[in-house]
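Visitor: I would like to learn how to read helix packing and cavities. Could you take me through them?

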Amino acid sequence: MTAPYNFSAGPAMLPRAVLERAQEELRSWRGSGISVMEISHRDPAFVQMALKAEQDLRDLMTIPDHYQVLFMHGGGRGQFSAVPQNIAGANDTVDYLNSGVWSEFAIREAQKFVSKVNVVGAAVDTEQGRAIAAAEDWQLSADAAYFHYCPNETVDGVALHEIPAQVTAPVVADMSSNILSEPLTVERYALIYAGAQKNIGPSGFAIAIVRDDLLGRAQGTTSTIMDYTVQAKDKSMYNTPNTWAWYLSGLVFEWLKEQGGVAVMGQVNARKAQLLYNYIDSSDFYSNPVHPDYRSKMNVPFLLADPQRDDDFLKAAEQQGLLGLKGHRFVGGMRASIYNAMPIEGVIALVDFMREFEQKHT
């Protein structure tokens, strides 16, 4: 078996070049004789690395100066509670789009911290598959402190590719699974956050990109470690950060720049997704449950016509070095997560395997 391809939804695969460099530097970072995990986060060498990682991310996403880039704890779930506590008052109304599982979790957290969480619309089942309710039917609030949505739902494989013009409240986006996957205009958002374990680095880490005018609004009961204003003032070092995750994330940012940046990655990701969807759509043996207009480019769920063959499919795939294809426990079936680190060769290998498996079982 050749080196495996890891299709796990998260923690997900990291670029091989990044892992190899981290392996080389593990015991002696920058010739220091100690690991980056052992050095003080106040050490000038680490501070320099942290600043470079932030600048690389700013360069990749063209983040304006009037946005703060925060490296935080708790992954995406931590941000589910941090967002309402930081940019809404306890008596405010906030709007949420419920497009899938992770939106539901975000809504539940927001309900703990604000008086009214207005669900403007939800995912719906149509004859062409899972979709999102039409924007003209959304019940938007006139005075919402913010509008929150998840552009890419990893469990459901549902994506909203554009923010409808009807949304006028400050936009908050959970980009845990699609950040850095294609170009976007940061100024369209008031706040972007992302758990790191899909397109950035190790799990447990999170990045928040916060517009300056949202600082200073935290509720009085907000945990200090989750206070955006405190973290911005202390350059994300109010407490000892996850130094290993910050370092690895920085290596990923460098790798992305070497690949040509986000625009190039967007083109590659579009080709990968189209290759896989084209094969699924051409087959009677496999199917994708999502409406074509709402399909994710990062997470491709698919079903076998005969679910009794699911276990056989997964076992055979693992034997071919195709790992992490089991669908989420909430929905079953299969799911191929094809984040930035997944090369197009991995998708080709998956399609070739799917074709062979179909031929053997029809």
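Guide: Gladly. Contact here means heavy atoms within 4.5 Å. Helices are DSSP runs (H or I, at least four residues), numbered from the N terminus. The model is predicted, so local features need pLDDT of at least 70, side-chain atom pairs count only at pLDDT 80 or more, and totals for chains, interfaces and linings use all residues. Residues are numbered from 1 along each chain as its sequence is written, and side-chain values use heavy atoms, without hydrogens and water.

Visitor: Which residues of helix 2 meet helix 6?

Guide: In helix 2 they are Phe46, Met49, Ala50, Lys52, Ala53, Asp56, Leu57, Asp59 and Leu60, and they meet Thr243, Trp246, Tyr247, Gly250, Phe253, Glu254, Leu256 and Lys257 in helix 6.

Visitor: How is the geometry of such a pair described?

Guide: Two packed helices are described by the angle between their axes and the distance between the axes. Axes are lines fitted to C-alpha atoms over the stretch in contact, with angles from 0 to 180 degrees between N-to-C directions. For helix 2 (residues 44-61) and helix 6 (residues 243-259), the axes come within 9 Å and cross at roughly 45°.

Visitor: At roughly what angle do helix 7 and helix 9 cross?

Guide: Roughly 5°, with axes coming within 9 Å. Helix 7 and helix 9 are therefore roughly parallel (angles under 35 degrees).

Visitor: How do I look for empty space?

Guide: Rolling a probe the size of a water molecule over the atoms shows where empty space is left. A cavity is a set of points on a 1 Å grid over the protein atoms alone where a 1.4 Å probe fits but cannot get out. The search finds one cavity of 30 Å³ or more. The largest cavity has a volume of about 60 Å³, the volume being the space filled by probe spheres set on the points.

Methods: Helices (H or I, at least four residues) and strands (E, at least two) are DSSP runs, numbered from the N terminus. On a 1 Å grid over the protein atoms alone, a cavity is a set of points where a 1.4 Å probe fits but cannot get out, and a pocket is an open set with protein on both sides within 12 Å along at least five of seven lines; lining residues have an atom within 4 Å of a point. Angles under 35 degrees count as roughly parallel, over 145 as roughly antiparallel, 65 to 115 as roughly perpendicular and the rest as oblique.
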